[in-house]
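Let's take a friendly walk through this protein together. Have the sequence and the 3D view ready, and follow along one piece at a time.

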Amino acid sequence: LLQVARSSPGWVEEVETAMAELCLSSVASKRHSLPCMPRGQRAMVHELGKHYAIATHAYGTEPRRHVDLFRIPASCVPLVRLSQAARMTSDKIDQALSQNHY
């Protein structure tokens, strides 16, 4: 995940923003459709969704296949976002995680 975040930071931040907005939304919307994307990016969305406790499902046929995000009661924004971790060294990641434990 970190390698993708470091090579495509803008794309990762866009996906994280969509996930965070879905988690924090006060409206009844529990679903968000992402645009069509290649298989590798869809796999990344599914993996990243696990860190937000968001359910994901891919729909459509190539080349118009896309991923929908589904908010569930456990959905939340992680303590350290992948885009933040990609800009940190491993020591700083460990430090950030340890400071945010309740």
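Ser-83 sits in helix 4. The model you are looking at is predicted, so every value below is computed from it. Is Ser-83 buried or exposed? Ser-83 has a relative accessible area of 9%, and because buried means under 20%, Ser-83 counts as buried. Setting aside its neighbours within four places in sequence, Ser-83 is in contact with Val-12, Glu-13 and Glu-16.

**The whole chain**

Now zoom out. The protein chain has five helices and three strands, and reading along the sequence gives the pattern α-α-β-α-β-β-α-α. Of its 102 residues, 33% are buried. Among contacts between residues at least 6 apart in sequence, 63% join residues at least 24 apart. The accessible surface of the chain comes to about 6,500 Å², and 55% of it belongs to carbon and sulfur atoms.

| Pair of strands | Bridges and direction |
|---|---|
| Strand 1 (residues 31-33) and strand 3 | Three bridges, antiparallel |
| Strand 2 (residues 55-59) and strand 3 | Five bridges, antiparallel |

You can find some of the partners yourself. His-32 has Leu-69 in strand 3 as its bridge partner.

Why is strand 3 described as largely enclosed by the rest of the structure? Strand 3 covers residues 66-70, and four of these five residues are buried, so the rest of the structure largely encloses this strand. Strand 2 and strand 3 also form a hairpin, with six residues between the strands. In that hairpin, Gly-60 takes a positive phi near 90°.

**A closer look at helix 3**

At 1.5 Å a residue, its 13 residues should span 18 Å; the end C-alpha atoms are 19 Å apart, which agrees.

Which residues of helix 3 are buried? They are Arg-42, Met-44, Val-45, Leu-48 and Gly-49. These residues cover an arc of only 155° around the axis, so they lie on the same side of helix 3. The face turned away from that buried side carries the exposed residues Arg-39, Gly-40 and Lys-50.

What covers the buried residues of helix 3? The cover includes helix 1 (2-7), helix 2, strand 2, strand 3 and helix 4 (82-86). Helix 4 is also the place of Ser-83, where our walk began.

Technical notes
Residues numbered from 1 in each chain as written. Predicted model: local features only at pLDDT ≥ 70, side-chain atom pairs only at ≥ 80, totals over all residues. Heavy atoms only, no water. Buried < 20%, exposed > 50% of the residue type's maximum accessible area, 1.4 Å probe, protein only. Helix = DSSP H or I, 4+ residues; strand = E, 2+ residues; numbered from the N terminus. Pairing = 2+ DSSP bridges. Expected span 1.5 Å × (residues − 1). Arc of directions from axis to C-beta. Contact = heavy atoms within 4.5 Å. Areas by Shrake-Rupley, 256 points an atom, 1.4 Å probe, with all protein chains shown as cover.
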